[in-house]
Amino acid sequence: MKRHIIISLLAFLAVFATISAAGQTPDSTLTERALKRMIVENPERVISLLDSAETTDVAALPQYRIDLLRALAYNELHMFSLKNRYARKALESDSMATNPTARLQALIMLAKSEAFYSNYSASIALAEEAIGIARDLGNKPAELDILHAMANNAFDIGDRKAGYRFLHDIIEGNIDSDNVRVLANVSSALGTKIIQLYTDDRFDDALAESDRRLAVIDRIDKIGGAPKGFTDQQRAYTYARIASSAAIAGNNDKADKAYDDFRSTDYGRTTYGKAFITDYLLNAGKYRELLANAAPLYEIMVQYDTINPDYHSLLYCTAKAYAGLGDTRMAYDLAQRAAVINDSIYAREKDSRAQELAIMFQLNEKELMLERSNVKLQKRRVLLTAAAGVTAIILIILVVLLVKYRNILQHNRIAARQIDELLAQKEQLYQSRLQSTDDNSKGHDDYNEFVAMEKLIVEKQLFTRANFNRDSIAEECGLSRNRVVMLIQQYANTTPGDYINKLKILHSVKMINMHPDWTIDAIAEASGYTNRSTYYQNFYKVFGITPAQYRKQADHHQ
């Protein structure tokens, strides 16, 4: 495999649930400025506060602003499908017509997320509209951000010369600026350049640019005004690149020092940050440390869209680590899974390109028909041309509908498989919790109390009762309501309401598989829902497909 496959591991991850804020949230926290300051350091907290803002209808945060902030937070978590969803939702707001700055922000995020999913034509169109708005507003940082997105597009489609040219324009023309936002764009562009030089095996150049980037980061700190945690994260990225480049270049002392510097950063000690040191760990033969870093990431990623380069790279890198440890069987299994993911990514990209070609063909046909209409030909020729155009349009519509239908089927198959995998993982996690309380009965009182509470709820299927809620758990388990909230937040990472709902949804999946002859209404009732509509909404919210769609896929595989 080429080295750039490993590099794509640098930007992934997802978080399973948001952290609920206890008690009343101060109004001073629910302002756009305050939330933006928190995004880099604690995006999960921002999402939780935005939930509160929606329920309490904060006047200072209209819905399109909330959607934009959600998109920014999900971008920090590298959850690009959700970033795309909320940026597009904000862009559809009527308020965007009178707020070009907000529209510019949404366009930039959409351009980047479309590029991430290889929708390059859509990304370029969005970038062109955004750069026009940025220049009209005189917004230099935004203009540089868009140029950076275009550089990434150029690299992705293989035009490396254009990619380096875009980066050169950003870096050399602005590296002496005293504007922190401009310098942040320069630092980001240097980061991209370092990765591309690394991909091109230009390790000495990558090390030189890394030193320049560290100098820019120091200037940002000296000037001040950057979001909390921003420069720490930027340094972590840079130290990771120095470590991997120096290791390959044979400068082990520099590589080891950069590794120590990386681990000294706050971001380098987080679950997500540890992914950025993967290249170095592979090159240095530190396979067990790599596997330890990767283990918690699997649990996070499998709950979301695994058909992406990040999950493929995670599988590929852990396969390399197992191979380095001599476990060839595990390495082979992971490599096979990575190959399947890679094939799925290719198929999705192929479908996207097919749609683009269909649209281009449609435009060509329209131009041809217009040209022919301007020429006064015989009536028979005009009629034949019109008939040919209609036929072409019908064929295009049929092709588009067919592609859309195939995409829906593929999405449902993937979603059904992920649901089954999630169900198996949840069951394994539940059994593991029970086992852990047996093996470690002392010194883990909170955890043992949570496991005992969960065991009672699950084994007695208390969640299937009507109106079962936090108070019901407290009553059944002999706990206070606050104790129930604390245990669920600490060990299930969610709220009591979402915890109970997830138990119902997972139970309904079991019922669908166990009782293929039951109606969906019967499944909903057996799982604790009082009406079909609520069950459908909750099932779709968790899994992205309806119960009927899941049953169809489950029946297909039986």
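This is a predicted model: local features need pLDDT of at least 70, side-chain atom pairs count only at pLDDT 80 or more; totals for chains, interfaces and linings use all residues.

Biologist: How do α2 and α3 pack, at what angle and axis distance?

Modeller: Helix α2 (residues 32–39) and helix α3 (residues 43–56) pack at about 150°, with axes 8 Å apart, and are therefore roughly antiparallel (over 145 degrees).

Biologist: And which residues make that contact?

Modeller: Leu35, Met38 and Ile39 of α2 meet Pro43, Arg45, Val46, Leu49 and Leu50 of α3, where contact means heavy atoms within 4.5 Å. They divide into seven nonpolar, no polar and one charged.

Biologist: Switching topic, where does Asn139 sit, and is Asn139 buried or exposed?

Modeller: Asn139 lies in the loop between α7 (120–137) and α8 (140–156), and Asn139 counts as buried (under 20% relative accessible area) because its relative accessibility is 16%.

Biologist: What does the side chain of Asn139 reach?

Modeller: The side chain of Asn139 reaches the backbone nitrogen of Ala142 at 3.1 Å. Leaving aside neighbours within four places in sequence, Asn139 is in contact with Leu104, Ala134 and Arg181.

Biologist: Then α8 and α10, how do their axes cross?

Modeller: The axes of α8 and helix α10 (residues 180–199) come within 8 Å and cross at roughly 10°, which means that α8 is roughly parallel to α10 (under 35 degrees). Residues making the contact include Lys140 and His148 of α8 and Arg181 of α10, and the contact residues divide into five nonpolar, six polar and three charged.

Definitions and conventions
Residues are numbered from 1 along each chain as its sequence is written. Side-chain values use heavy atoms; hydrogens and water are left out. Axes are lines fitted to C-alpha atoms, for helices over the stretch in contact, and angles run from 0 to 180 degrees between N-to-C directions. Helices (H or I, at least four residues) and strands (E, at least two) are DSSP runs, numbered from the N terminus. Angles under 35 degrees count as roughly parallel, over 145 as roughly antiparallel, 65 to 115 as roughly perpendicular and the rest as oblique. Ala, Val, Leu, Ile, Met, Phe, Trp, Tyr, Cys and Pro count as nonpolar, Asp, Glu, Lys and Arg as charged, and the others, Gly among them, as polar. Buried means under 20% relative accessible area, exposed over 50%, partly exposed in between (1.4 Å probe, protein chains only). A polar contact is a pair of N or O atoms within 3.5 Å; within protein, one must be able to donate a hydrogen and the other to accept it, and residues adjacent in sequence count only if both atoms are side-chain atoms.
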